[in-house]
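This report looks at selected side chains, grouped by topic. Please view the sequence and the structure together while reading.

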Amino acid sequence: MPKSSIPMKRQKIVAGNWKMNLSYAQAMSLSDAIAAAVKEETTCEIILASPFVYLHDVLRRIGHRDCISIAAQNVSDKVQGAYTGEVSAAMLASVGVEFALVGHSERREFYSENDNQLAAKVDRCLENGIIPVFCCGERLAERETNRQMEVVAEQLTAALFHLTESQLSESIIAYEPVWAIGTGKTATAAQAQEMHANIRQLIQSRFPNAAGKIRILYGGSVTASNASELFACNDVDGALVGGASLKAADFISIIHSCNQSERNLA
Ligand code: PGA
């Protein structure tokens, strides 16, 4: 497995993406279960990306703690005004949202979000103190023709390479191969490490000081049973978890694997 050429200690993240799932009652009981399981000595950072309407109450349930935060699953590319149905980065920040997913493949596919919009969403986040979790990843046909790096490099360049080095250092990338999302077909640890190391090299070519700092999460069918292997990869700084984040026991087990991998590094 290729090793990172840019070693640096980065705090790992376990992020749950609930997507358009869970009733209000289910979302609250999941929040309570996670809050009860997450102790202050937790070494990784936990992020819950709940549907917009639950965000404020999820934050109340988890309490204002350093190790656990909330994320929006989407954010408007516009600042404010007559954009019916949109939610601005300023609104999110005003209810305590610290992170926002940008460019999830489901947004690209079902809502035709394009590179220009995604770059604008990243900007709106950063203007409002929200950390963008920028999602990228290739489709199956692109991997089968060995174009995965080219595709991911284009996505990253278009949406993130206009940032300053310090803005990029703070941002988070989630590499989510489209063929692995919700399919039960996880990338192997070697495939994940290879792509993450390549992403870091790409960043280093333009932003040498950001490359070692930026956190790159893996997403796509992460489960309680494959998480440890992924977390053991040098350039995998955590996971963006969809299906397995909806079950408290599975998500908590992934958090434990993450804490364990941090302890192994210590
Ligand atoms: P999954 O989703 O874990 O269900 O594959 C991941 C994601 O879409 O963020």
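## Cysteines

C258 has a relative accessibility of 0%, so this residue counts as buried. The model shown here is predicted. The cysteine sulfur closest to that of C258 belongs to C44, at a distance of 3.7 Å. A disulfide is a covalent bond between the sulfur atoms of two cysteines. The two sulfurs of C258 and C44 are too far apart for a bond, because a disulfide needs sulfur atoms within 2.5 Å.

C125 is also without a disulfide. The nearest cysteine sulfur to C125 is that of C135, 11 Å away. C125 counts as buried because its relative accessibility is 0%. For the structure as a whole, the number of disulfides is zero.

## Aromatic pairs

How many aromatic pairs does a search of the whole structure find? The search gives three. In the pair of F161 and F207, the ring centres are 5.2 Å apart and the planes meet at 80°, so the pair is edge-to-face. The cut-off for that label is an angle over 60 degrees.

This pair links distant parts of the chain, as F161 and F207 are 46 residues apart. F161 sits in the loop between α7 (148-160) and α8 (165-170). F207 sits in the loop between α9 (189-206) and β7 (215-219). Both F161 and F207 are buried.

## A charge over a ring

Which residue lies over the face of Y111? That residue is R107, at 4.1 Å from the centre of the Y111 ring.

Definitions and conventions: Residues numbered from 1 in each chain as written. Predicted model: local features only at pLDDT ≥ 70, side-chain atom pairs only at ≥ 80, totals over all residues. Heavy atoms only, no water. Phe/Tyr/Trp six-rings, centres within 6.5 Å; stacked < 30°, edge-to-face > 60°. Helix = DSSP H or I, 4+ residues; strand = E, 2+ residues; numbered from the N terminus. Buried < 20%, exposed > 50% of the residue type's maximum accessible area, 1.4 Å probe, protein only. Lys NZ or Arg CZ within 6 Å of the ring centre and 35° of its normal.
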